[in-house]
Amino acid sequence: MATLKVPAQIPSPEDDSEQLRKAFQGWGTDEGLIVKILSHRNSAQRELIRAAYASAHGEDLLTSLDKELSSDFERIVMLWTLGPAERDALLAHEATKKKVTSPNNFILMEIACTRSPLELFKTKQAYQARYKRSIEEDVAYHTSGDFRRLLVPLVSTFRYVGDDVNTTLAKTEAKILHEKIADKAYGDEELIRILTTRSKTQLNATLNHYNNEYGNSITKDLKTDPDNEYLKLLRSTIKCFIFPEKYFEKVLRLAINKMGTDEWALTRVVTTRAEVDLQRIADEYQRRNSVPLDIAVSKDTSGDYKDMLLALLGREE
């Protein structure tokens with residue numbers, strides 16, 4: 001369930017673009033007007049506003065926003081204004097452009113595992129159009145070892161999306177997974193093949209059989225070394241496939257509840273999930289932490305940045 005709230009009656013894209021232009025004029029930027037408009041438009045509507053703005057003013061709306069805004073508020077507005085594929089392409093590029101550390105590996109995995117095959121395909125198209133190379137080659141170049149062996153096929157595969165399940169195959173591959181994990185062969189090509197190519201429905205059947213046959217969930221068996229970064233990534237990969245709301249709840253919990261807010265992680269989750277499943281993530285957050293997500297966000301952020309976050313969470317100050 002999405003948290004984005006779009007009014008039944010909205011102005012035309014041309015009217016919205018003119019209101020945004022007015023927000024940039026005068027002595028100071030009208031941040032409240034920017035929040036009021038953009039936080040209540042879906043991706044298709046935001047695309048039309050960008051087109052109308054460019055047509056009327058000869059400049060991309062993103063360029064104007066970049067000139068007028070700053071800090072975390074600029075980051076969230078810019079990411080939100082982008083279409084989903086453009087946004088994911090930017091996030092993936094940032095993750096590969098920097099020295100690829102654990103958080104960046106997780107961002108790449110997150111994009112590959114929580115988007116539909118078609119969404120991931122569109123992201124790869126947007127990546128090539130913007131950066132003139134493939135996401136696969138950048139991921140391969142900036143990673144190594146087991147991380148490369150897992151991440152490259154994750155971003156490369158176009159998974160089957162149907163509901164068909166081969167029970168015999170699920171049992172066979174559950175056995176393979178158990179044997180590889182028992183041998184601590186966590187980077188084995190067969191283990192990676194199963195996790196990176198099977199449909200989510202087939203993979204769910206395999207993991208259910210693993211649990212029933214061997215008495216533990218696969219993620220529990222992968223906790224032999226809790227501090228191993230590759231095993232953390234492997235567990236998160238599985239969680240993203242089976243329980244994405246639990247994965248994102250943990251990202252938010254760590255972003256909000258530690259010393260100093262991780263605004264980039266908070267912004268990433270809210271902007272990428274507000275039109276998808278942010279309500280389910282918020283429900284999981286409240287179940288896990290006994291605090292509504294919007295209350296936690298409100299206590300941990302401030303100013304226009306907080307207003308934009310809360311609007312995307314479906315709450316207005």
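Which residues of helix 12 (residues 189–197) are buried? To find out, select helix 12, where Leu191, Ile192, Ile194, Leu195 and Thr196 are buried, buried meaning under 20% relative accessible area with a 1.4 Å probe and protein chains only; helices here are DSSP runs of H or I with at least four residues, numbered from the N terminus. The model is predicted, so local features need pLDDT of at least 70 and side-chain atom pairs pLDDT 80 or more, whereas totals for chains, interfaces and linings use all residues. Residues are numbered from 1 along each chain as its sequence is written, and side-chain values use heavy atoms, without hydrogens and water.

Next, show what covers these buried residues, which includes helix 10 (145–156), helix 11 (167–182), helix 13 (200–214) and helix 15 (229–242), contact meaning heavy atoms within 4.5 Å.

Now move to the largest pocket, which has a volume of about 1,300 Å³, this being the space filled by probe spheres set on grid points joined across faces, edges and corners. A pocket is an open set of points on a 1 Å grid over the protein atoms alone, where a 1.4 Å probe fits, with protein on both sides within 12 Å along at least five of seven lines, and lining residues have an atom within 4 Å of a point. Select Phe106, Ser236, Tyr247, Lys250 and Val251, which lie nearest the centre among the 43 lining residues, and then helix 16 (244–257), which gives the most to that lining, with eight residues.

Finally, turn to the second largest pocket, of about 300 Å³, where Pro84, Ala85, Asp88, Glu119 and Val276 are the closest to the centre of the 15 residues that line it.

Key:
Buried means under 20% relative accessible area, exposed over 50%, partly exposed in between (1.4 Å probe, protein chains only). Helices (H or I, at least four residues) and strands (E, at least two) are DSSP runs, numbered from the N terminus.
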